[in-house]
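Subject: Structure handover

Hello,

Here is the structure I said I would pass on. My notes on it follow below the display.

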Amino acid sequence: MVAPEEAGPALPEQGAMSQKLKEPSEGFGKLTFLICPPLSSLSPPLFSDSRLLQDSLSQLAAPRHPKIRLYNLEQVLSWESPFPVNDTRPVVYSVQYKYSIVGEWHDVTVKSIGVNCTQITATECDFTAAGLSKGFLLRFNVTLRLRAELGELVSAWVTMPWFLHYRNVTVGPPKHIMVTPREGTLVIAVSPPFEVDTSEATFLYTVHYEEKPGMQQVKGPLQSNFILLDNLKPFRIYCLQVEAQLFWNTQRIIRPGQLSNTSCYETTADAYAKQQQVIGISVGTLLSLLLLAGACFFLVLKYGSVVKYLFRTPPSIPAQIEEYLKDPVQPILEALDKDISQKDDTWNSVSIISFPEKEREDVL
């Protein structure tokens with residue numbers, strides 16, 4: 001195989017026409033001729049070539065490190081600005097997209113996507129800024145390209161690898177998780193990380209849980225939003241995390257999701273455990289009362305005199321002394337004599353009736 005020779009444009013003599021024969025490349029089987037015009041006709045093209053060379057040297061640098069972030073329904077393209085240029089004008093950026101590899105490129109505008117990413121000064125384009133229902137279709141391949149612009153200067157297009165949202169998205173944890181402890185079970189209700197068309201994709205949920213402390217267990221994946229963890233021990237603490245996986249129905253592809261934060265819950269007792277608890281409380285209360293009664297009886301037997309002393313009736317003051325204390329002017333002896341004389345002057349009338357024996361016999 002003979003490699004074709006490549007040479008720069010030759011300068012023929014004035015008024016002459018030269019021809020250059022290019023060797024045939026392997027597999028083509030034909031000759032290609034390059035006909036050079038006279039020198040007078042070559043002057044403008046040579047000037048144009050030098051101008052193009054000057055423009056290529058002064059071409060604007062392309063944006064650096066472009067990357068796209070796909071998280072739930074978010075679609076954000078970001079990049080770094082090119083090297084600074086000696087110009088006071090700001091560098092602007094334009095983004096184009098196409099839905100197929102061989103399709104036509106379209107500008108990202110409000111009319112097409114819902115946001116404007118044409119000649120913007122920011123180094124980020126959020127395709128879902130107008131709402132999570134906006135942006136590119138989730139089931140289509142999307143290719144993006146980006147370039148920088150400064151006045152008449154433009155950079156080369158930077159084309160990114162195509163992406164498909166259902167295939168490349170990072171799925172976050174479930175949006176809401178509600179856990180209800182019941183008799184030996186935990187009832188878990190979850191909501192999806194984001195809304196999808198159920199005819200295209202669904203979510204599968206997996207629960208990672210363990211008794212604290214204990215070995216981790218897994219339940220799932222399940223398609224239902226309600227998950228029941230049963231056969232749990234009563235009055236035990238269980239810690240759990242929930243994962244939501246995106247299942248693309250048509251392609252049978254599952255995208256793993258991020259785990260939720262760890263949360264812990266205590267289970268309640270089942271019917272048998274509640275019955276045992278009631279019986280235990282009743283027996284414990286009865287034993288406590290018996291122990292208390294026995295202790296009181298023992299104290300009474302051992303410390304009876306002390307108990308009587310503690311509960312004896314306190315001594316009282318005689319009424320005469322109490323009256324004297326109320327009126328100390330009156331002599332105490334006179335008050336006592338007065339009280340005694342009043343008692344002596346009190347007489348009771350007694351009548352004795354008797355019948356002689358003879359009169360009693362007559363009566364009978």
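R69 counts as partly exposed, because its relative accessibility is 44%. This is a predicted model, and in it R69 forms a salt bridge with E74, with the closest N and O atoms 2.4 Å apart. E74 is partly exposed too, at a relative accessible area of 28%.

The count of salt bridges comes to six. In general, side chains of opposite charge can pair when their charged atoms come close. Another of these bridges is formed by the side chains of E200 and R139, at 2.9 Å from N to O. E200 sits in the loop between β14 and β15, and R139 in the loop between β8 (124-126) and β9, so the pair ties together parts that are 61 residues apart in sequence. With a relative accessible area of 14%, E200 is buried, whereas R139, at 40% relative accessibility, is partly exposed.

R147 and E149 also form a salt bridge, and their closest N and O atoms are 3.1 Å apart. R147 counts as partly exposed at 22% relative accessibility. E149 is buried, because its relative accessible area is 9% and the cut-off for buried is under 20%.

K233 is found in the loop between β17 (226-229) and β18 (237-248). Its relative accessibility of 42% makes K233 partly exposed. Leaving aside residues up to four places away in sequence, K233 touches E211, Y238 and T267. Between K233 and T267 there are 7.2 Å from C-alpha to C-alpha, and the two are 34 residues apart in sequence.

Now the chain as a whole. The secondary structure comes to seven helices and 20 strands. The chain has 364 residues, of which 27% count as buried. Among contacts with a separation of 6 or more, 58% are between residues 24 or more positions apart. The accessible surface is about 26,000 Å², and carbon and sulfur atoms account for 58% of that surface.

Next, the interior. In soluble globular proteins, nonpolar side chains tend to be buried together. Here the largest nonpolar core has 49 residues, and those with the most contacts inside it are V95, F127, L144, I188, L229, L240 and L246. Elements that give two or more residues to this core include β4 (74-80), β5 (92-98), β9 (141-150), β14 (185-191) and β15 (201-211). β18 provides the largest share of the core, six residues. As for L144, its contacts beyond four places in sequence include I68, L77, V95, W105, F127, F136, M160 and F163.

Which strand is largely enclosed by the rest of the structure? It is β14, because seven of its seven residues are buried. In a regular strand the side chains alternate between the two faces of the sheet. In β14, T185, V187, A189 and S191 point one way, while L186, I188 and V190 point the other way, and all are buried.

β14 has pairing partners to look at. Seven bridges join β14 to β13 (residues 176-182), and the two strands run antiparallel. In this pairing T180 stands opposite V187 of β14. The hairpin of β13 and β14 has two residues between the strands, and G184 takes a positive phi near 70 degrees there. β14 is also joined to β17 by four bridges, again with the strands running antiparallel. There A189 stands opposite F226 of β17.

Last, the surface. I279, V283, L286, L287 and L290 form a nonpolar patch, with about 470 Å² of accessible area together. L286 lies in helix α3 (residues 271-302). Its relative accessible area is 51%, so L286 is exposed, the cut-off for exposed being over 50%.

Regards

Notes: Residues are numbered from 1 along each chain as its sequence is written. This is a predicted model: local features need pLDDT of at least 70, side-chain atom pairs count only at pLDDT 80 or more; totals for chains, interfaces and linings use all residues. Side-chain values use heavy atoms; hydrogens and water are left out. Buried means under 20% relative accessible area, exposed over 50%, partly exposed in between (1.4 Å probe, protein chains only). Contact means heavy atoms within 4.5 Å. Accessible areas come from the Shrake-Rupley method with a 1.4 Å probe; for residues, only the protein chains shown count as cover. A nonpolar core is a set of buried Ala, Val, Leu, Ile, Met, Phe, Trp, Tyr and Cys residues joined through side-chain atoms within 4.5 Å. Two strands pair if DSSP finds at least two bridges between them. Patches are made of residues with over 30% relative accessible area and no salt bridge: like charges are joined within 9 Å, nonpolar side chains (Val, Leu, Ile, Met, Phe, Trp, Tyr) within 5 Å. A salt bridge is a side-chain nitrogen of Lys or Arg within 4 Å of a carboxyl oxygen of Asp or Glu.
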